[in-house]
Amino acid sequence: MHFGPHLLLAALEGLVTSAVLALTALGLSLVFGVMRVVNVAHGEFFMLGAVLAWAISTAISGHPALGFLAALVIAPLIVGAIALVAERLVLRRLNYNPEATIVATIGMLYIIQQLALSFYGPEARPVEPPFSYRILLPWFGYSGYKLSIIAASALLLTATWLVLTRTKVGLIMRATQYDSETAQAFGIAVGRVYGGVFALGAMLAAIAAVLIVPISQAHYLMGQDPLLLSFIVVIIGGLGSLRGTVVAAVLIGLSDGIISMFFSPTLAKIIATLLVAMVLVFRPQGLFGTASR
Amino acid sequence: MIETNKAEASKTEALRIAGLDCFHGAVQVLYRLDLVLNKGEVLCLFGRNGAGKTTTLKAIMGLVPASAGSIKLTGKELTGLPAHEVPKAGVAYVPQGRRLFAEMTVAENIEIGLMARGKGRAVRDNVLDLFPLLRQRLRQRSGTLSGGEQQMLAMARALCLEPEVLLLDEPTEGLMPSMIAKIRETVSKLRAMDVSTILVEQRVDAVLSVADRVCFIENGRNRETVDVEELRADPSAVRRYVGVG
């Protein structure tokens with residue numbers, strides 16, 4: 001294959017990674033931005049989404065698209081409900097103290113992971129894609145499903161942006177993010193907003209997992225990589241910044257896809273780590289974050 | 001505590017605080033604080049820094065929990081209500097330093113105020129009539145407004161609740177004289193509209209020009225409440241409690 005088509009293929013693979021990463025990292029970023037909670041268990045909500053997608057799609061017989069669509073709706077709802085319960089039982093009791101919640105979410109990570117191991121098992125299990133259409137380009141054929149992941153992610157990111165900037169719910173979330181005490185003085189039930197945002201963050205991770213699981217596999221340890229990459233993305237983009245999260249996810253995803261294909265995956269990881277180090281040294285608030293609040 | 005307002009008994013109470021104790025962590029800030037705000041009056045809380053004036057306002061808003069005592073808004077108990085229910089009951093707060101949602105536009109800040117008690121476009125228009133300058137700045141990010149404009153927006157946001165009681169914490173702090181005059185004018189207009197106001201103020205001239213009564217807070221206690229006419233005639237209380245005047 002010539003360089004041009006090779007680069008296009010690498011870029012497409014990178015965009016698929018970016019699409020999933022942007023959704024996952026956005027959940028992490030929203031939770032930190034609004035609640036000031038660094039959710040170390042975020043990757044486990046991703047894993048739960050994938051495991052539940054397998055369970056739901058396996059339980060529903062018929063065309064694979066039926067099982068997949070059911071999983072796309074039900075798995076994030078279940079994960080959101082689990083996150084809401086965790087928020088009420090753990091984070092609220094700690095009064096959302098930043099240090100205490102880091103330790104608490106590490107505990108949540110292990111509990112969710114071990115529960116998945118106990119009930120789901122150690123095997124990696126596949127989920128059938130909803131369709132297997134292949135788009136034939138002049139140089140190579142490419143999975144239509146992978147392209148649909150990019151489109152679905154773009155749609156969801158746009159929807160999240162519209163909710164945050166154009167609706168009353170978004171206004172309430174932003175007011176809580178900027179100044180929770182003043183928000184309360186204007187009738188905003190901050191505790192309820194925190195519960196909703198934590199659930200929403202987990203749901204975004206679960207949706208990303210359901211989208212990616214047909215081209216990877218569901219496994220109880222699969223939350224670790226998305227968590228690490230999400231942290232890289234939100235550090236580069238700026239915690240709490242939607243625009244920063246998307247830009248950083250595209251940057252990391254594309255560089256990962258292209259460098260992995262032309263050089264090696266290890267070099268891609270080294271470059272991402274270097275980028276994080278440079279951002280931490282020269283612009284600790286991230287590319288689009290605010291210096292202090 | 002000495003309540004010297006002779007006509008007080010005949011007036012309708014908007015807010016009554018009785019025996020209020022508040023703590024910041026392990027430190028007690030308010031000690032058995034008593035205070036009465038009558039309907040349509042401007043009551044000024046006056047005292048040195050750290051006397052407990054801001055804590056009193058925050059306690060009314062439920063932002064600092066009361067460990068003892070009661071706060072009643074026209075007879076309805078506010079203590080024990082979640083903080084977000086207090087504005088819905090009819091108390092609006094303009095915090096010290098404005099505390100606008102600086103990343104949001106002027107229109108969005110006003111929208112937050114309207115949402116608290118479900119007020120609509122008519123209230124928004126009335127509030128913008130009070131502060132016509134804001135009408136021209138609706139799409140501007142509030143953090144980019146001048147200090148005076150930010151104070152106007154902070155008051156406008158609070159007035160969108162159509163509150164029975166308005167709490168103003170040092171609204172003239174750091175403003176130029178023309179803006180201070182505008183704020184005073186607005187407070188006087190609100191009195192005419194029967195809004196009861198508790199004003200925390202450090203400037204003696206501002207207190208004397210807009211307040212009906214002045215409550216001297218010292219070390220978390222209400223030492224004395226006097227009519228402003230009495231204070232004008234004998235300003236010794238100002239010297240006694242604040243050391244100026």
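1. In this predicted model, 15 residues of chain A are in contact with 19 residues of chain B. On the chain B side, two elements give two or more residues each: helix H2 (86-89) and helix H3 (106-116) of chain B. H3(B) gives the most to that side, with six residues. By residue type, the side of chain B that touches chain A divides into 12 nonpolar, two polar and five charged.

2. Helix H1 of chain B, residues 53-61, is another element to look at. Nine of its nine residues are buried, so H1(B) is largely enclosed by the rest of the structure. The buried residues include two lysines, B:Lys53 and B:Lys58, along with B:Thr54, B:Thr55 and B:Thr56. B:Leu57, B:Ala59, B:Ile60 and B:Met61 are also among the buried residues of H1(B). After H1(B) comes B:Gly62, with a positive phi near 80°.

3. In chain A, how do H2(A) and H3(A) cross? The axes of helix H2 (residues 42-59) and H3(A) come within 8 Å, and they cross at roughly 140°. That angle makes H2(A) oblique to H3(A), because only angles over 145 degrees count as roughly antiparallel. The crossing is right-handed.

4. The residues that H2(A) brings to this contact are A:Phe45, A:Leu48, A:Gly49, A:Leu52, A:Ala53, A:Ile56 and A:Ser57. An α-helix has 3.6 residues a turn, so residues three or four places apart point the same way. The residues of the contact of H2(A) with H3(A) divide into 15 nonpolar, three polar and no charged.

5. Two residues in chain A deserve a check of the backbone. Most residues other than glycine have a negative phi. A:Asn95 has a positive phi of about 55° although it is not a glycine, and A:Tyr96 has a positive phi near 60°. A:Asn95 is found in the loop between helix H3 (64-91) and helix H4 (98-120) of chain A, and A:Tyr96 is likewise in the loop between H3 and H4.

6. Are A:Asn95 and A:Tyr96 exposed or partly exposed? A:Asn95 has 8 C-beta neighbours inside 10 Å and therefore counts as exposed. A:Tyr96, with 18 C-beta neighbours inside 10 Å, counts as partly exposed.

Methods
Residues numbered from 1 in each chain as written. Chains lettered and ligands numbered in written order. Predicted model: local features only at pLDDT ≥ 70, side-chain atom pairs only at ≥ 80, totals over all residues. Helix = DSSP H or I, 4+ residues; strand = E, 2+ residues; numbered from the N terminus. Buried ≥ 20, exposed ≤ 12 C-beta atoms within 10 Å, placed from the backbone. Axes fitted to C-alpha atoms, helices over the stretch in contact; angles between N-to-C directions. Parallel < 35°, antiparallel > 145°, perpendicular 65-115°, else oblique. Left-handed = near helix turned anticlockwise from the far one by under 90°. Contact = placed C-beta atoms within 7 Å. Nonpolar A, V, L, I, M, F, W, Y, C, P; charged D, E, K, R; others polar.
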